[in-house]
Amino acid sequence: MVSPASDGSAVTASVTVDDVRAAQKTLTGVARTTSMEGSRHLSSLVGSPVHLKCENLQRTGSFKLRGAYVRIAGLTPGERERGVVAASAGNHAQGVALAASLLGVASTVFMPEGAPLPKVAATRDYGAEVRLRGQVVDETLRAAQEYAQETGAVFIHPFDHPDVVAGQGTLGLEILEQCPEVRTIVVGVGGGGLIAGIAVAVKELRPDVRIVGVQAEGAAAYPPSLAAGKPVVLDSVATMADGIKVGRPGDVPFKIVGDLVDEVRTVSEDALSSALLLCLERAKMVVEPAGASPVAALLSRPESVEGPVVAVLSGGNVDPLVLQQTLRHGMAAAGRYLSLRLRLTDRPGALAALLKELSVADANVLDVSHVRTDPRLGLDEVEVELHLETKGPEHCTEVAAKLRTAGYTVVLTR
């Protein structure tokens with residue numbers, strides 16, 4: 001492994017394919033070699049084979065175990081004795097907790113006070129002492145670093161350390177073994193540890209393979225940083241993809257990304273939610289928004305990648321409430337909802353007749369509301385607002401057309 005600074009902090013150092021190979025040996029019997037699954041739908045869009053690297057099926061539900069275990073395994077006996085500390089809202093927390101437990105090292109993990117309860121419970125179950133501090137990850141991070149200074153515990157950074165990068169790079173070796181014909185690898189990017197590790201492994205062995213990073217539009221620190229030639233801190237970050245919600249690239253991965261990664265592009269929130277929905281419906285994969293970001297990139301610009309393509313599904317730890325909200329957002333983005341207003345004669349049976357028309361049109365009614373007090377309405381009129389579930393944009397058009405044919409004046413609200 002690459003040697004860290006004497007104080008255990010991250011250092012700007014190169015990571016080589018030999019470091020990644022050494023990490024792979026360290027992870028033998030610890031990290032799973034996750035499956036590679038083909039996607040016919042994405043393949044048809046891209047025009048060549050698309051494979052999904054299912055790291056959402058890794059132990060702890062994400063790739064984070066790889067880097068955390070390699071980092072902790074590389075500690076000296078004295079450092080292990082002092083224990084380790086980390087800060088995370090979810091995936092890194094669970095990776096550190098399990099890695100430390102497997103290595104017999106005490107771990108303390110700081111998590112935001114609003115962290116999803118399933119992630120807090122899982123981190124405790126993996127053996128860590130969990131402390132809830134701060135409302136946002138930056139506050140949690142400061143609390144963990146203060147704890148490290150006070151106690152001597154070794155701070156385990158989620159991405160900004162050579163050993164962490166080397167551990168994540170083992171994914172790149174697996175991709176080349178499982179899909180030797182790959183031409184493009186698409187990876188979600190937060191701080192950059194995962195894509196940096198993959199790039200180190202892949203570019204040394206297959207320099208012809210194109211590496212594409214993906215960031216959420218509201219948390220895209222890499223494009224301005226690469227343009228400036230140094231890590232740039234974003235004024236604010238906002239995205240549903242917590243796993244890549246990072247406001248500044250790490251120093252160690254930044255240099256590697258600048259040297260080896262071919263492109264970093266961004267995707268919208270609509271694309272992220274649509275990608276999550278596609279993973280669930282078509283691939284039968286539960287994936288968190290960050291893990292679905294490579295799929296979002298393929299959906300947004302399918303013609304821009306050369307196949308065969310490997311899209312890395314980096315994690316599947318999604319809170320059920322967030323999943324519900326994101327799926328609804330994804331269905332709306334995919335045109336699966338239709339909202340409309342129309343006027344009826346305010347008499348018995350009028351609403352029943354309308355609902356019969358919608359039944360014939362095979363639209364599912366989610367919600368109905370009546371407005372009788374609008375001064376624009378006639379004395380015998382009522383306005384009805386409907387929210388419908390449909391089969392997609394074409395079906396939305398068909399439903400509205402059938403209602404108009406039946407004599408209704410339809411106003412689409414979205």
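In this predicted model, strand E3 (residues 84-87) is joined to E6 by parallel pairing over two bridges. Within that pair, Val84 is placed opposite Val154 of E6. Both strands belong to an open sheet of four strands with parallel pairing, ordered E5-E4-E3-E6. Its edges are formed by strand E5 (129-132) and strand E6 (154-155), each of which pairs on one side only. Strands of a sheet pair through backbone hydrogen bonds, in either a parallel or an antiparallel sense.

Helix H7 (residues 137-151) lies across E3, E4, E5 and E6. Relative to E3, helix H7 runs at about 165 degrees.

The elements of this region have the following residue ranges.

| Element | Residues |
|---|---|
| Strand E3 | residues 84-87 |
| Strand E4 | residues 107-111 |
| Strand E5 | residues 129-132 |
| Helix H7 | residues 137-151 |
| Strand E6 | residues 154-155 |

Arg336 counts as buried because its relative accessible area is 18%, under the 20% limit. Apart from neighbours within four places in sequence, Arg336 is in contact with Leu277, Glu281, Met331, Leu388, Glu389, Thr390, Lys391 and Gly392. With one of these residues, Glu281, the side chain of Arg336 makes a polar contact of 3.1 Å. Arg336 and Cys396 are separated by 60 residues in sequence, while their C-alpha atoms are 7.8 Å apart in space.

Notes. Residues numbered from 1 in each chain as written. Predicted model: local features only at pLDDT ≥ 70, side-chain atom pairs only at ≥ 80, totals over all residues. Heavy atoms only, no water. Buried < 20%, exposed > 50% of the residue type's maximum accessible area, 1.4 Å probe, protein only. Contact = heavy atoms within 4.5 Å. Polar contact = N/O pair within 3.5 Å; in protein donor to acceptor, adjacent residues only side chain to side chain. Pairing = 2+ DSSP bridges. Axes fitted to C-alpha atoms, helices over the stretch in contact; angles between N-to-C directions.
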